[in-house]
Amino acid sequence: MDKTFMARAIQLSLENVRSGSGGPFGCVVVKDGGVVAEGANRVTATNDPTAHAEVLAIRLACQTLGCFELSGCDLYTSCEPCPMCLGAIYWARIEKVYFGNLAEDAARIGFDDSAIYAEITQPHAQRKIPLIQMMREEALAAFRAWQEHPGKILY
């Protein structure tokens, strides 16, 4: 735990608001005591709903390190990660996450993730955006091909 890295994540979030580039979120990825990548929310600046600070920092860290997983890295973020960012953090195999604001703090200013968490527990057909399965047998062909592919890289 390093206050310098958290202070940087918070600074990125403030700079992002002041510049008008996006929401009040900043993130820093750290490995071996040094900053590997930084990110700030760019959702509105890029018209990309996935351009959250954590996702952008993870993408840049992977590019910088030349790998698709970030074991050995810690993540410092100005706010508790949303469900999408949390998923990216787990897929990236981040070691530890340090955060500033709580999800409840974000909800008070209009960034409320509670509906997403509630939706995840609902059956597919009962969600606000229904998930409808189709053509499973045909889709399984790609999974069978993956299982048989000799050069696959597991992740």
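## Overall architecture

This is a predicted model, and its protein chain has a secondary structure of 7 helices and 4 strands. Read from the N terminus on, the elements follow the order α-β-β-α-α-β-α-β-α-α-α, while the C-alpha trace spans about 50 × 40 × 25 Å along its principal axes.

Of the 155 residues in the protein chain, 30% are buried. Among the contacts with a separation of 6 or more, 45% are made by residues 24 or more positions apart.

Helix 1 covers residues 3–19, a run of 17 residues, and the 24 Å from its first C-alpha to its last is close to the 24 Å expected at 1.5 Å a residue. The buried residues in helix 1 are Phe5, Met6, Ala9, Leu12, Ser13 and Asn16. Seen down the axis of helix 1, these buried residues fall within an arc of 115°, so they line one face of the helix.

What covers the buried residues of helix 1 includes strand 1 (26–31) and strand 2 (34–40), together with strand 3 (73–79) and strand 4 (96–101). On the face of helix 1 turned away from its buried side, by contrast, stand the exposed residues Lys3, Thr4 and Arg18.

## The largest pocket

The largest pocket has a volume of about 340 Å³. It is lined by 17 residues, of which Phe25, His52, Cys82, Phe111 and Asp113 are the closest to its centre.

By residue class, the lining of the largest pocket divides into 11 nonpolar, 2 polar and 4 charged residues.

## The second largest pocket

For the second largest pocket the volume is about 240 Å³, and its lining is made up of Ala115, Ile116, Glu119, Ile120, Arg127, Lys128, Ile129 and Leu131.

As to the opening question, the residues of the lining of the second largest pocket divide into 5 nonpolar and 3 charged, with no polar residue. The lining of the largest pocket, for its part, includes 2 polar residues.

Terms used:
Residues are numbered from 1 along each chain as its sequence is written. This is a predicted model: local features need pLDDT of at least 70, side-chain atom pairs count only at pLDDT 80 or more; totals for chains, interfaces and linings use all residues. Side-chain values use heavy atoms; hydrogens and water are left out. On a 1 Å grid over the protein atoms alone, a cavity is a set of points where a 1.4 Å probe fits but cannot get out, and a pocket is an open set with protein on both sides within 12 Å along at least five of seven lines; lining residues have an atom within 4 Å of a point. Grid points are joined across faces, edges and corners, and a volume is the space filled by probe spheres set on the points. Ala, Val, Leu, Ile, Met, Phe, Trp, Tyr, Cys and Pro count as nonpolar, Asp, Glu, Lys and Arg as charged, and the others, Gly among them, as polar. Helices (H or I, at least four residues) and strands (E, at least two) are DSSP runs, numbered from the N terminus. The expected span of a helix is 1.5 Å times one less than its number of residues. Buried means under 20% relative accessible area, exposed over 50%, partly exposed in between (1.4 Å probe, protein chains only). The arc is that of the directions from the helix axis to the C-beta atoms. Contact means heavy atoms within 4.5 Å.
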